[in-house]
Amino acid sequence: GLIESYWYEQQHIYSTNFDQRPHFGNYYRFIQGIPLNNGNYIDAQSISSNIYLRVLGQKDLINQRAHLWIQNINHTWRNVLNGVIIPPVSATITVPGLTPNTSYQVEWWDTYAPVATVTQTETIQTDTSGNLILSVANLTTDTAVRISLLILPSATPTPTPLPAPVVS
């Protein structure tokens, strides 16, 4: 959860015509509210089915949460600066070690929108081994994912009608 913006000198920002400061704001918006200091986070140990997707992240097995940053490894600042066409990448991402046969809410974040926002929310169930399988399609940049235990609203009990008052 460290934000290190070394783009503090004008020569880094303006001489290359490649200002990265908005990306730091989007990263901050993504991690804001994730309790990184609760002491429960460990490496997510995520596995990508495609070597051209890099996955970084953590999971909290106590509170059943995780967050991932998924990057097309060809989408680098140098390639963008040089106008290189980034080939889209598709893959499945496996997050192991979660509770088996359990439903999780998955939020997909567009990290390249002017203001990072949730673009899709879905419910995915882990398999019998506790693996959560995410599908990534045609990614040319980065995307981020928040995963949390799906908490269904509890049913509101139907009130029992009171007996009619006895009138004498």
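The model is a predicted one, in which local features need pLDDT of at least 70 and side-chain atom pairs count only at pLDDT 80 or more, while totals for chains, interfaces and linings use all residues. Residues are numbered from 1 along each chain as its sequence is written, and side-chain values use heavy atoms, with hydrogens and water left out.

Start with the sheet. Six strands make up an open sheet in the order S1-S3-S4-S9-S6-S7, with antiparallel pairing. Strands here are DSSP runs (E, at least two residues) numbered from the N terminus, and two of them count as paired if DSSP finds at least two bridges between them. At the edges sit S1 (41–43) and S7 (117–125), each pairing on one side only. From one strand to the next, the twist averages 20°, taken between axes that are lines fitted to C-alpha atoms, with angles running from 0 to 180 degrees between N-to-C directions.

Now for the individual pairs. S1 and S3 run antiparallel and are joined by three bridges, and Tyr41 faces Asp60 of S3. Eight bridges link S3 to S4, again antiparallel, with Gln58 opposite His67 of S4. The hairpin of S3 and S4 has four residues between its strands, and Gln64 takes a positive phi near 55° there. Over at S7, the antiparallel partner is S6 (residues 103–110), through eight bridges; Val106 has Glu122 of S7 as its bridge partner.

Asn50 belongs to the loop between S2 (47–48) and S3 (53–60). A polar atom of the Asn50 side chain lies 2.8 Å from the backbone nitrogen of Tyr52. Though Asn50 and Ser90 are 40 residues apart in sequence, their C-alpha atoms are 7.2 Å apart. Residues up to four places away aside, Asn50 touches Val89, Ser90 and Ala91, where contact means heavy atoms within 4.5 Å.

That leaves the cores. A nonpolar core is a set of buried Ala, Val, Leu, Ile, Met, Phe, Trp, Tyr and Cys residues joined through side-chain atoms within 4.5 Å, with buried meaning under 20% relative accessible area (1.4 Å probe, protein chains only). The largest core has 21 residues, and Leu68, Ile70, Leu132, Leu134 and Ile147 touch the most other members. S3, S4 (65–72), S5 (89–95), S6, S8 (132–139) and S9 (142–149) each supply at least two of its residues. Beyond its neighbours within four places in sequence, Leu132 has contacts including Ile93, Tyr104, Val106, Ile124 and Ile147. A second, separate core has eight residues, among them Phe30, Trp109, Ala116 and Ala144.

How values were computed. Polar contact = N/O pair within 3.5 Å; in protein donor to acceptor, adjacent residues only side chain to side chain. Buried < 20%, exposed > 50% of the residue type's maximum accessible area, 1.4 Å probe, protein only.
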